[in-house]
Amino acid sequence: MALLEVKDLKVRVEEREILHGLTLTVNEGEVHAIMGPNGSGKSTLSHVIAGKPGYEVTDGQILFRGEDLLEMDPDERAAKGVFLAFQYPVEIPGVATMNFLRTALNAQRKARGEGEYSTPDFLKKVREVSKSLNIPQDMLKRGVNVGFSGGEKKRNEVLQMALFEPSLCILDEMDSGLDIDALRIAADGVNALRSPGRAMIVITHYQRLLNYIVPDFVHVMSKGRVVKSGDKELALELEASGYAQFEDAA
Amino acid sequence: MPAVQETVERVKRIDVDQYRYGFETLIDSEKAPKGLSEEIVKFISQKKNEPAWMLQWRLEAYRRWLTMTEPTWARVNYPKIDFQDIHYYAAPKPKKTVTSLDEIDPEILKTYEKLGIPLREVAMLEGIEPKVGEDDPARRKIAVDAVFDSVSVATTFKAELKKAGVIFMPISEAIREHPELVQKYLGSVVPTSDNFYATLNSAVFSDGSFVYVPPGVRCPMELSTYFRINERNTGQFERTLIIADKGSYVSYLEGCTAPQRDENQLHAAVVELVALDDAEIKYSTVQNWYPGNSEGKGGIYNFVTKRGDCRGANSKISWTQVETGSAITWKYPSCILRGDNSRGEFYSIAISNGFQQVDSGTKMIHLGKNTSSRIISKGIAAGKSQNTYRGLVTAHRKATGARNFTACDSLLIGDKCGAHTVPYIEAKNSSATFEHEATTSKISEDVLFYCIQRGLSQEEAVGLVVNGFVKDVLQQLPMEFAVEAQKLISISLEGSVG
Ligand SMILES: Nc1ncnc2c1ncn2[C@@H]1O[C@H](COP(=O)(O)OP(=O)(O)OP(=O)(O)O)[C@@H](O)[C@H]1O
Ligand SMILES: [Mg+2]
């Protein structure tokens, strides 16, 4: 059974159809890259999978391990292992990052009927992960993303991904705003999470990220549909010739 | 066994009171009849075995009250209160006469569960006694244990405080045992003529706390009403008087969380604080009275007068409040900055949900030179509630170098509630510097979704975001209180979204 099956998905936002019948299948262990011009609906797709309110699904299905994902509340999806690293991570003033990580992790574990982490176990885990991502402990004492640089915000997303160990990771433009070194560190962090039981959807505009996170499949989205799928070579092709060739296909 | 002894003594005392001072017609009654008159004021004073000067003081207040009218300037609406339809005295007794857990409002039980107070303890806090014949030895033992516990804690408390010279007792006892202190300070901050509710309180107050910290003493522990509240019903007209003598320090915690779920409709408390030279008083409140049901019926009207007098040079008074309960809150803990270089602080979290109406804030009256004050107010409005910050900062002619900083932030949850900020600023001294900042924002859907995507439920997400919003104020609370307050904030916002 596929981990994620998006079938003929149609989505409206404020009376306007954004996704016009999108189909995508992701199996365990696979890494899929989604590329496409601005406004083609990449973030919309990721939001609908994660369950963000404000989107109306008018047709189609999303199955997660065969279960109807659209029937689940977004926190339930998170507990089942759907993780979205946001294109624009928000700031939560006054809520220490460490406290946030712990609250979220325990909420997920509770929803799965698992016990809470003990404080020492939790701290140990956070320390390990943050070290590998080059995140200083001081940063974790600050409010969630408050005053973080663009790169720090993205690294904080990867940190959470590593901590929560989701089975589906959706990374929405995690490379935007990262300098070369930060990109490598974040990509290493993501690669470390690649495993036979885990799949990833990597949304990006740049081939460069895919040099670090090498995808099994590349999809091109245009105007609310997947217009072409291929292997990693497709990304190189795009880099050379741009999206124009697909505009008509869409 | 100190507990038994104490009880026996108390019973004796009551007997004696009734014998010597009992009001013939009322002698058998636990409650004064409804209504207010000079007779009733005398009855209360006699029940409390008060000296003549105290009765005189009450009567003056009562006569004054007759000439006053209820204030209407606050942004709150409620049906007219019939002041002749209230019992002004009820003998101390358990708050409720429920006989089994099944009879308690399930909503209340849920609240307790969420606060992590086990049900057996709830049984005790709610004043449930085991039914005759229903011999549940486990339950009875626990209840007794708990009572013993709280008595022994209270006693340890007393011994240690006594060693430090700190006086901490019910004000009714202080009136008898320390009349010179009470006479000197009672009404010296909130005069009997102050305002409608304070004047009413002066005439009929039933009990409350009295604290005196002698010169140079740092009170060895946080003082709290917690234990006393479980002991007796402090009633609807509480009176508190705290005096920090020169160079002393005291931190006082008022109220507690769920157990203080009083059913009295009208509450009109008065709190007076006096800080002499170099003294500091920190007064923290967590208020969680019944806010009314989901249709807006019932709930406490909380009309409180709280004022601190920084009477001495370099003195400091700091108010911290977390207001989550009551149907109507009318409350402005204030500081009179009389002593030179004195400092007043007001940190407030006021949460309203459902149909609650909150009109709260502070007054900082700068009289002395180089006095400073700081106001941090966080208002959170949810449901169909109305939340108003009302503040007054004044510098008088002689208040050279007065400084104030005010920051009022309001957070709206949903679009049926309202937040309002009404600041009054008045500087009669040109060297005064007053700064005022105010923000109003709506809770962000994107922030909530971020939290929910990470596994928090909608309600947990709201609780977390709100707790972040109020963090500056929570930090002012003593540690254990802050934890309780945090839980309470989340609980009081339940059902505020969706
Ligand atoms: N809340 C909304 N209200 C109105 N239109 C919206 C809303 N959200 C998205 N859209 C529209 O949907 C389309 C797809 O947006 P989306 O953010 O999914 O694109 P994207 O592929 O992620 O673009 P980018 O590469 O710039 O991130 C855009 O035209 C956008 O304006
Ligand atoms: Mg996007």
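User: What makes Asn38(A) a polar contact of ligand 1?

Analyst: This is a predicted model, in which local features need pLDDT of at least 70, side-chain atom pairs count only at pLDDT 80 or more, and totals for chains, interfaces and linings use all residues. Side-chain values use heavy atoms, without hydrogens and water, residues are numbered from 1 along each chain as its sequence is written, and chains are lettered from A and ligands numbered from 1 in the order in which they are written. A polar contact is a pair of N or O atoms within 3.5 Å (within protein, one must be able to donate a hydrogen and the other to accept it, and residues adjacent in sequence count only if both atoms are side-chain atoms). A polar side-chain atom of Asn38(A) lies 3.0 Å from an oxygen atom of ligand 1, and for Ser43(A) the distance is 2.8 Å.

User: Which residues are closest to ligand 1, and how many surround it?

Analyst: A residue is near a molecule if one of its heavy atoms lies within 4 Å of it. By that rule 15 residues surround ligand 1, and the closest are Gly39(A), Lys42(A), Ser43(A), Thr44(A) and His205(A). Helix 1 of chain A gives the largest share of this shell, three residues, where a helix is a DSSP run of H or I with at least four residues, numbered from the N terminus.

User: Why are helix 2 and helix 3 of chain B called roughly antiparallel?

Analyst: Helix 2 (residues 38–47) and helix 3 (residues 52–66) of chain B pack at an angle of about 150°, with their axes 10 Å apart. Angles run from 0 to 180 degrees between N-to-C directions, and axes are lines fitted to C-alpha atoms over the stretch in contact. Angles over 145 degrees count as roughly antiparallel, under 35 as roughly parallel, 65 to 115 as roughly perpendicular and the rest as oblique, so helix 2 and helix 3 of chain B are roughly antiparallel.

User: What makes helix 11 of chain B oblique to helix 12 of chain B?

Analyst: Helix 11 (residues 445–453) and helix 12 (residues 458–469) of chain B pack at an angle of about 120°, with their axes 9 Å apart. That angle makes helix 11 of chain B oblique to helix 12 of chain B.

Terms used
Helices (H or I, at least four residues) and strands (E, at least two) are DSSP runs, numbered from the N terminus.
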